[in-house]
Amino acid sequence: MMEYKTDILVVGAGPSGSLAAREASKNGADVILIDLKSEIGSPKRCAEGVSKQGLIDLGIQPDPRWIARKSNGVRLVSPDQTSVWLSEDTIELPESGYILERKVFDKHMAMDAARAGAKIMIKTRATGLKRVDDGIVVTAEHMGEEIEIFAHIVIAADGPGSRIGRWAGLDCNTKFDNMESCVQYEMAGLEMENNNVIQLYFGSVAPGGYTWIFPKGEDIANVGIGVLKTHTDKTAIEHLDEFIKNCPETQHAQPVEINVGGDPVGGVIKERYGDNILVVGDAAGFVNPLTGGGINSALESGAYAGIVAAQAISDKDYSKKNLKEYEKLTDEHIGKNYNKYKKAKEYLLSLSDEELDKIAHEFVKVDIDEISPKTLIKMLIKVSPKALLKLGKLF
């Protein structure tokens with residue numbers, strides 16, 4: 001059996017894993033990054049929306065090769081088809097700015113990690129984990145051969161319900177109530193009213209979540225849905241097919257790709273670090289509970305993990321106590337707003353179709369050229385008094 005030894009092993013070459021590998025390598029650690037797929041980034045797992053500023057803050061320069069479309073706003077659609085248009089020029093919108101080509105973006109990020117010095121191993125599936133003196137040994141199947149990789153620190157970037165985290169003894173499970181069931185088509189032939197804005201449809205069209213149209217070209221878009229199974233007896237794809245059939249913009253479009261998966265919207269898990277282990281990205285619950293978006297927060301968590309792990313290697317101290325800095329950084333910079341987003345999501349889910357329509361009717365009367373959380377709450381309370389109870393103390 002082939003054996004490898006490294007300072008840091010990163011499992012999973014999504015955005016969080018590759019950025020963790022890049023940052024750890026840049027800070028002097030020996031790093032191996034493994035991914036189970038033959039092609040990093042394929043199949044894609046999300047609607048591909050990302051914040052421009054979030055990328056810039058992490059030192060990721062926009063590249064036309066992985067930007068499918070620039071978006072300049074959001075269209076919010078209530079159950080009776082009332083539309084509220086928000087522009088990026090006047091309001092900061094999360095997970096908005098670029099629609100990515102994830103298959104290219106994820107490989108770009110892995111290439112950046114390789115350029116920084118990380119060793120990339122594709123088609124490598126982790127199959128087990130055991131703790132040993134001063135580190136962890138991960139067994140894996142690499143190109144059909146069984147291998148072992150010893151590392152002082154393992155960074156788990158292996159998605160929701162992280163097996164690596166659980167094997168290392170952490171509670172990484174997402175409760176069923178907090179796991180959105182998602183399905184998405186990439187479609188051609190859409191007839192969009194505005195193909196430069198992302199569109200979100202709320203209400204009974206998507207119980208527990210929303211339906212989205214994220215444009216990727218003149219008549220091309222990701223059309224998807226996320227639902228909570230606790231809110232519906234139908235499957236996500238049944239809801240999505242019904243939406244596509246009834247929506248004027250999608251009813252004549254054709255799918256060229258389908259993606260399915262779970263989206264953990266319950267907030268950050270508490271046990272995201274331990275002796276010799278850090279958990280990042282979706283695996284640690286770094287997904288906005290309100291929007292379900294997670295690329296920016298996944299990248300940010302990966303960056304912090306890489307920096308903290310490299311420092312621990314320099315310290316020769318891989319203990320939970322020394323890795324606690326990762327929890328501090330992610331709480332301070334990412335997780336602090338998640339409780340607000342969770343409350344906002346609970347409020348949104350408590351609204352009937354009729355209440356959503358009333359709110360939309362009120363919003364279209366207003367010239368939304370500048371909006372803050374406080375003005376938003378005032379407008380909500382005007383048409384939905386329970387907003388004061390649910391949201392009044394949050395913003």
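**Strands, core and salt bridges in a predicted model**

User: Where is isoleucine 258 found?

Analyst: Isoleucine 258 belongs to strand 16, which spans residues 254–264. Strands (E, at least two residues) and helices (H or I, at least four) are DSSP runs, numbered from the N terminus. Residues are numbered from 1 along each chain as its sequence is written, and side-chain values use heavy atoms, with hydrogens and water left out. The model is predicted: local features need pLDDT of at least 70, side-chain atom pairs count only at pLDDT 80 or more, and totals for chains, interfaces and linings use all residues.

User: What is the relative accessibility of isoleucine 258?

Analyst: The value is 44%, so isoleucine 258 counts as partly exposed. Buried means under 20% relative accessible area, exposed means over 50%, and partly exposed lies in between (1.4 Å probe, protein chains only).

User: Which residues make the nonpolar surface patch?

Analyst: Ile237, Ile258 and Val260 make a nonpolar surface patch of about 240 Å². Patch residues have over 30% relative accessible area and no salt bridge; like charges are joined within 9 Å, and nonpolar side chains (Val, Leu, Ile, Met, Phe, Trp, Tyr) within 5 Å. The areas come from the Shrake-Rupley method with a 1.4 Å probe, and for residues only the protein chains shown count as cover.

User: How do strand 12 and strand 16 run?

Analyst: Strands 12 and 16 are antiparallel and are joined by 10 bridges. Within strand 16, glutamine 254 stands opposite alanine 188. Two strands pair if DSSP finds at least two bridges between them.

User: And how many bridges link strand 12 to strand 15?

Analyst: There are 9 bridges, again in the antiparallel sense, with strand 15 covering residues 220–228. Glutamate 186 has asparagine 222 of strand 15 as its bridge partner. Strand 12 (residues 179–188) is mostly covered, with 7 of its 10 residues buried.

User: Changing topic: how many residues are in the largest nonpolar core?

Analyst: The largest nonpolar core has 57 residues, and Tyr326 is among those with the most contacts inside it. Such a core is a set of buried Ala, Val, Leu, Ile, Met, Phe, Trp, Tyr and Cys residues joined through side-chain atoms within 4.5 Å.

User: What does serine 301 touch?

Analyst: Not counting residues up to four places away in sequence, serine 301 touches Ser16, Val280, Gly281, Phe286, Tyr326, Thr330 and Ile334. Contact means heavy atoms within 4.5 Å. Serine 301 lies in helix 6 (residues 295–315) and is buried, with a relative accessible area of 0%. The C-alpha atoms of serine 301 and isoleucine 334 are separated by 7.9 Å, although these residues are 33 apart along the chain.

User: How many salt bridges are there?

Analyst: A search of the whole structure finds 20. A salt bridge is a side-chain nitrogen of Lys or Arg within 4 Å of a carboxyl oxygen of Asp or Glu.

User: Which residue pairs with arginine 75?

Analyst: Arginine 75 forms a salt bridge with glutamate 249, the closest N and O atoms being 3.0 Å apart. Arginine 75 is in strand 5 (residues 73–77) and glutamate 249 is in the loop between helix 5 (236–246) and strand 16, so the pair ties together parts that are 174 residues apart in sequence. Both arginine 75 and glutamate 249 are buried.

User: How far apart are arginine 102 and aspartate 106 in helix 3?

Analyst: They are 4 residues apart in helix 3 (residues 102–116), and are therefore separated by about one helical turn.
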